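Here is a short briefing to read alongside the structure. Have the viewer open and follow the topics in turn.

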Amino acid sequence: MWAQLGKIVFELLETPEALTQRDKWDYVEHKVLDEKSHLQKMGKSLQELTLKIKLSTAFGTDPEKMLSAIYENAEKDEPLSFILGDGTVIGKYVIEEIAKEWKRTDNQGRLLAVELEIKLKEWN
């Protein structure tokens, strides 16, 4: 297992082509008469992760079954634990966005390979 999101297990062949972590700090700008504005730090925003993953029958995966599980978890109103294969718990996240690009189908239109971009947002 490379990682797990909730009950969704990503195996070694499905490891992300990229795992992007985004950290952000929020500031508010206060306007001051006849002076430059002042910034005030408000705090840290919720962390965002982006997973880019390939699912393919060539990897022994059923892309439609995995997509169904991912979408099912995205619809839930509950956070999912994101855990690396070594047991490191990254944190709790919700699936905020899914983009998919169909790469290959069979002659009846069944999905054989798909590339996904899954955006996660930290649950606090």
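Predicted model: local features only at pLDDT ≥ 70, side-chain atom pairs only at ≥ 80, totals over all residues.

**Surface patch and a loop residue**

- Tyr 27 sits in strand S4, which covers residues 25-30.
- Together with Trp 25 and Leu 39, Tyr 27 makes a nonpolar surface patch of about 370 Å².
- Asp 34 belongs to the loop between S4 and strand S5 (38-44).
- The backbone of Asp 34 is worth a look, with a positive phi of about 60° although the residue is not a glycine.
- Asp 34 counts as exposed, because its relative accessibility is 75% and the cut-off is over 50%.

**Nonpolar core**

- In soluble globular proteins, nonpolar side chains tend to be buried together.
- The largest nonpolar core here has 21 residues, and the members that touch the most others are Ile 70, Ile 95, Leu 116, Ile 118 and Leu 120.
- At least two core residues come from each of strand S1 (3-5), strand S2 (8-10), strand S6 (48-56), helix H1 (63-75), S7, S8 and strand S9 (111-122).
- Which element gives the most to this core? It is S9, with 5 residues.
- Leaving aside neighbours within four places in sequence, Leu 116 is in contact with a list of residues including Leu 51, Ile 53, Leu 55, Leu 67, Ile 70 and Ile 98.
- Lys 52 and Lys 100 are also among the contacts of Leu 116.

**Aromatic rings**

- The model has 2 aromatic pairs.
- In one of them, the ring centres of Phe 82 and Tyr 93 are 6.5 Å apart and the planes meet at 85°, so the pair is edge-to-face, a label for angles over 60 degrees.
- Because Phe 82 lies in strand S7 (residues 80-84) and Tyr 93 in strand S8 (residues 89-105), this pair ties together parts that are 11 residues apart in sequence.
- Phe 82 is buried, with a relative accessibility of 1%.
- Tyr 93 is buried too, and its relative accessible area is 1%.

**Salt bridges**

- How many salt bridges are there? The count comes to 8.
- Lys 121 pairs with Glu 48, and their closest N and O atoms are 3.7 Å apart.
- Since Lys 121 is in strand S9 and Glu 48 in strand S6, this bridge ties together parts that are 73 residues apart in sequence.
- Lys 121 is partly exposed at 24% relative accessibility, and Glu 48 is partly exposed at 27%.
- Glu 48 and Lys 121 are also linked with Glu 96 in a network of salt bridges.
- Glu 117 forms a salt bridge with Lys 52, with the closest N and O atoms 3.8 Å apart.
- Glu 117 lies in strand S9 and Lys 52 in strand S6, so that pair ties together parts 65 residues apart in sequence.
- Glu 117 is partly exposed at 23%, and Lys 52 is partly exposed at 37%.
- Glu 115 and Lys 54 meet through their side chains in a salt bridge, at 3.9 Å from N to O.
- With Glu 115 in strand S9 and Lys 54 in strand S6, the pair ties together parts that are 61 residues apart in sequence.
- Glu 115 is partly exposed at 25%, and Lys 54 is partly exposed at 33%.

Definitions and conventions:
Residues numbered from 1 in each chain as written. Heavy atoms only, no water. Phe/Tyr/Trp six-rings, centres within 6.5 Å; stacked < 30°, edge-to-face > 60°. Helix = DSSP H or I, 4+ residues; strand = E, 2+ residues; numbered from the N terminus. Buried < 20%, exposed > 50% of the residue type's maximum accessible area, 1.4 Å probe, protein only. Patch = residues over 30% accessible without salt bridge, like charges linked within 9 Å, V, L, I, M, F, W, Y side chains within 5 Å. Areas by Shrake-Rupley, 256 points an atom, 1.4 Å probe, with all protein chains shown as cover. Salt bridge = Lys/Arg side-chain N within 4 Å of Asp/Glu carboxyl O. Core = buried A, V, L, I, M, F, W, Y, C linked by side-chain atoms within 4.5 Å. Contact = heavy atoms within 4.5 Å.
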